[in-house]
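Hello,

Here is the structure for you to look over. My notes on the cores and salt bridges follow below.

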Amino acid sequence: MGTVGKALDLLDLFTRAEPHMGLSQLARASGLNKATCHRLLTELESRGLLEQVGSAREYRLGPAVLRLSALREAAVPTREAAMPTLRRLAESTGETAHLSHLVAGRLQTLGFAYATHSGVKVMMEDADFLPFDATASGAAVLAFHPDPESLVNAVADRSALENRIAATREKGWAETVSTFEKDVHSLAVPLFDAKGACTGALAVAAAAPRMTPDLHATITRDLAVAGAEITGLWGGQVPDTLDRLWKGAAR
């Protein structure tokens with residue numbers, strides 16, 4: 001891996017749970033020696049992508065990230081374009097709705113919405129990476145990606161994953177129960193770009209004990225409608241076979 005790749009991998013280590021990290025922590029997490037890690041961090045800091053704060057001089061994401069994010073959203077509206085649909089989906093189902101985007105071969109949470117009338121909800125984290133083999137969102141992407149093997153390496157139960165992918169292609173939506181988080185029942189549909197390539201997923205996550213047949217039917221129906229709407233907002237096109245499945249579910 002080149003120097004640029006190593007530097008960008010350091011940025012990926014920052015999360016909502018770990019917004020501040022010291023040199024030693026970053027070196028351990030990245031597998032780099034301290035001298036190399038410090039050199040890369042210094043370069044990122046000089047470009048405003050990182051900054052040091054506090055008496056411990058820990059690193060956090062810098063203001064240049066905001067500029068890049070704003071430029072991307074202005075040029076290719078993605079998150080903000082989808083948020084109204086995401087909020088309506090959360091309200092109509094009464095559950096947590098979340099959106100993920102395929103970024104450099106990984107599935108990253110792009111946004112989420114909670115139902116205002118639901119006291120108990122599945123909680124989400126911004127910018128989390130979702131595992132392909134343990135989430136409904138991951139299965140939705142794998143089922144409609146041209147090269148799913150390129151996205152998945154070691155899998156504990158490949159047979160179960162292959163069955164999930166096959167079922168997703170047949171039904172038009174993916175489903176998991178307690179595979180990523182205990183007692184969470186999730187359903188998801190893939191999203192597409194203008195060339196018809198799968199570029200992410202839209203999902204609804206509910207507490208498993210609350211998933212009744214009626215709620216399940218509501219979620220699959222509303223996911224189909226919302227998935228088509230967000231794909232359209234992104235300038236995308238739903239493949240014909242999937243479009244027919246979604247229209248059937250939306251009736």
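**Salt bridges and cores**

E229 is partly exposed, at 31% relative accessibility (buried is under 20% relative accessible area, exposed over 50%, partly exposed in between; 1.4 Å probe, protein chains only).

Some ground rules. This is a predicted model: local features need pLDDT of at least 70, side-chain atom pairs count only at pLDDT 80 or more, and totals for chains, interfaces and linings use all residues. Residues are numbered from 1 along each chain as its sequence is written, and side-chain values use heavy atoms, leaving out hydrogens and water.

E229 pairs with R88 in a salt bridge, with the closest N and O atoms 2.5 Å apart (a side-chain nitrogen of Lys or Arg within 4 Å of a carboxyl oxygen of Asp or Glu). This pair links distant parts of the chain: E229 sits in helix α8 (residues 213-233) and R88 in helix α5 (residues 79-93), 141 residues apart. Helices are DSSP runs (H or I, at least four residues), numbered from the N terminus. R88 is partly exposed too, at 46%.

The count comes to 10 salt bridges. Among them, E80 meets R79 at 2.6 Å, N to O. R158 and E149 form another, at 3.3 Å.

Now the inside. The largest nonpolar core has 48 residues (buried Ala, Val, Leu, Ile, Met, Phe, Trp, Tyr and Cys joined through side-chain atoms within 4.5 Å). Its largest share, 7 residues, comes from helix α6 (residues 136-144). Apart from this core lies another, of 16 residues, including L10 and L26.

Best wishes

Conventions
Helices (H or I, at least four residues) and strands (E, at least two) are DSSP runs, numbered from the N terminus.
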